[in-house]
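Opening my notebook on a new model. I'll jot down what I look up as I go.

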Amino acid sequence: MASTSSAKGADIPALVVAALLLIPAALVAYDAKSQTIVSTYGVGPTAMPYVVSAVLGVLGLCHLVVAFREGLPKPEAVDSTAVLWLTGGLIGLIACIGLGGGFIIATAIVFSATARSFGRQALAVDFGIGLVLGLAIFLMFSKLLQLTLPSGPLEKLF
């Protein structure tokens with residue numbers, strides 16, 4: 001990343017990222033403003049959307065400033081294999097939950113695919129680690145916090 005771009009004008013990828021951050025920031029702020037549920041005391045249900053909107057807005061503005069700075073380093077080449085593993089893991093997560101596989105197995109799928117995208121080759125071991133982490137998270141959310149997560153065959157055992 002020692003080489004720098006010497007072209008004058010705006011950096012197009014940084015402008016695209018700025019737009020991709022500023023548009024959702026505006027939409028989230030508009031949605032939070034249009035909510036009719038209010039709290040009579042303390043922090044209400046619109047507080048977190050405003051926080052998310054502010055963070056997205058600050059990040060978008062920072063990208064906008066960076067887009068017009070000169071001497072930005074050239075980005076590295078994309079590792080398409082890693083992107084495919086990440087995408088496959090997310091598709092597997094959505095499919096597993098949508099088809100009734102449950103949270104624990106879905107977590108194991110996305111964990112092992114993410115580990116593989118970072119270059120780890122022990123897919124079966126990572127799947128087992130994902131199962132243990134998914135079980136711990138499921139038990140914490142369902143038993144300790146009394147929150148409902150997508151259930152599948154493993155979750156029905158607990």
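Predicted model: local features only at pLDDT ≥ 70, side-chain atom pairs only at ≥ 80, totals over all residues.

Surface first. I find a nonpolar patch made of Met 48, Val 51, Val 52, Val 55 and Leu 59, with about 410 Å² of accessible area together. Patch members need over 30% relative accessible area and no salt bridge, with nonpolar side chains joined within 5 Å; a salt bridge is a side-chain nitrogen of Lys or Arg within 4 Å of a carboxyl oxygen of Asp or Glu. Areas come from the Shrake-Rupley method with a 1.4 Å probe.

Residues are numbered from 1 along each chain as its sequence is written, and side-chain values use heavy atoms, leaving out hydrogens and water.

I place Met 48 in helix H2, residues 47–67 (helices are DSSP runs of H or I, at least four residues, numbered from the N terminus). Met 48 is exposed at 53% relative accessible area (exposed is over 50%, buried under 20%).

Next, H5. Helix H5 runs over residues 123–144 and reaches 30 Å from first C-alpha to last, close to the 32 Å expected at 1.5 Å a residue (that is, 1.5 Å times one less than its number of residues). Which residues of H5 are buried? I list Asp 126, Gly 130, Gly 134, Phe 138 and Ser 142. They fall within an arc of 110° down the axis, so they line one face of H5 (the arc uses directions from the helix axis to the C-beta atoms). These buried residues pack against H4.

Definitions and conventions:
Helix = DSSP H or I, 4+ residues; strand = E, 2+ residues; numbered from the N terminus. Buried < 20%, exposed > 50% of the residue type's maximum accessible area, 1.4 Å probe, protein only. Contact = heavy atoms within 4.5 Å. Patch = residues over 30% accessible without salt bridge, like charges linked within 9 Å, V, L, I, M, F, W, Y side chains within 5 Å.
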